[in-house]
Amino acid sequence: MTSATNWASPSTRPPLIETLVSGVDRYNPSNVNILEDYLYHQIRSEEYDCLANLAILKLYQFNPELYNSDVVINILIKALTSAPFPDFALCISLLDERRTPANADEPDGLPALLPVLSALHGLLQQCRFPAFWQLYRSDDVAPLRTEYTVECVGFEDAVRDVAVRAVRAAFTSIGSERLGTYLDLSGPELTAYVERLGWELNEATGFVSLPPNPDNQIESTVVQENIQLPQLVKVIAHAAQTSLPVVPAVN
């Protein structure tokens, strides 16, 4: 699970990017190329830096002539796999409806792909992993796969990480077939993936056992209050005083 500290300042963030993101230079339009190059480094290296990517979208807001639809789509793809964190919603909130492509000769691919990305994000947020994979593998999403996610190294494994986090929090054991629908894996690939996670697959029963963790262990909590009578004396006395009837004075 990503910690708040790592989210705000990833250990993989270069010093130059740290300087840009942390200071007023994040609003300098001349730095947009540096931040865009850093985004494509994230695409190629499986790294992720939400704040740096949000800085790009903020620059596009202030400087519409800098807008690049491919950059925005790649930012949303990276944010997609951060579920259940709100990165995707943060990115959407910075998109300006008055987008103007930097190069008018190139079509803006975002309007066609934004509904698809939003639908995929919604399925991940709802932990509807089989439905996510069904939509992602469909012909309707082919442009996203062939033009964008194919270039995003580790995208599908990052989606599986989202499913793994949800399974860890909710299950102590799960059927291997059901787990396979969550991960879009089957056969030897699923077996190898389960072994890599350190989970145990029982071939006889077809169930996968998960190690205990604070989220998947159901423990009853007994709260016992030890209040002594002397502690209640002031409360009882105050209640008695406020409940006494008011007797009007007799002249």
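This is a predicted model: local features need pLDDT of at least 70, side-chain atom pairs count only at pLDDT 80 or more; totals for chains, interfaces and linings use all residues.

Me: Why is Leu-229 called exposed?

Reply: The cut-off for exposed is over 50% relative accessible area. Leu-229 has 59%, so it counts as exposed. You'll find Leu-229 in helix H13, which spans residues 229-243. Leu-229 also belongs to a nonpolar surface patch with Ile-227, Leu-232 and Ile-236, and together they have about 380 Å² of accessible area.

Me: And why does Ile-92 count as partly exposed?

Reply: Buried means under 20% and exposed means over 50%, with partly exposed in between. Ile-92 has a relative accessibility of 29%, so it lands in that middle class. Ile-92 lies in helix H6, residues 87-93.

Me: What does Ile-92 touch, leaving out residues up to four places away in sequence?

Reply: Leu-76 and Leu-114. As for Val-116, it is 24 residues from Ile-92 in sequence, and their C-alpha atoms are 13 Å apart.

Me: How do you know that the buried residues of H12 line one face of the helix?

Reply: In H12 (residues 187-197), the buried ones are Leu-190, Tyr-193 and Val-194. Looking down the helix axis, they fall within an arc of 100°, so they line one face. Pro-188, Glu-195 and Arg-196, on the other side of H12, are exposed.

Me: What covers the buried residues of H12?

Reply: The cover includes helices H10 (155-170) and H11 (176-183), plus strands S2 (200-202) and S3 (207-209). Just after H12, Gly-198 has a positive phi of about 85°.

Notes:
Residues are numbered from 1 along each chain as its sequence is written. Side-chain values use heavy atoms; hydrogens and water are left out. Patches are made of residues with over 30% relative accessible area and no salt bridge: like charges are joined within 9 Å, nonpolar side chains (Val, Leu, Ile, Met, Phe, Trp, Tyr) within 5 Å. Accessible areas come from the Shrake-Rupley method with a 1.4 Å probe; for residues, only the protein chains shown count as cover. A salt bridge is a side-chain nitrogen of Lys or Arg within 4 Å of a carboxyl oxygen of Asp or Glu. Helices (H or I, at least four residues) and strands (E, at least two) are DSSP runs, numbered from the N terminus. Buried means under 20% relative accessible area, exposed over 50%, partly exposed in between (1.4 Å probe, protein chains only). The arc is that of the directions from the helix axis to the C-beta atoms. Contact means heavy atoms within 4.5 Å.
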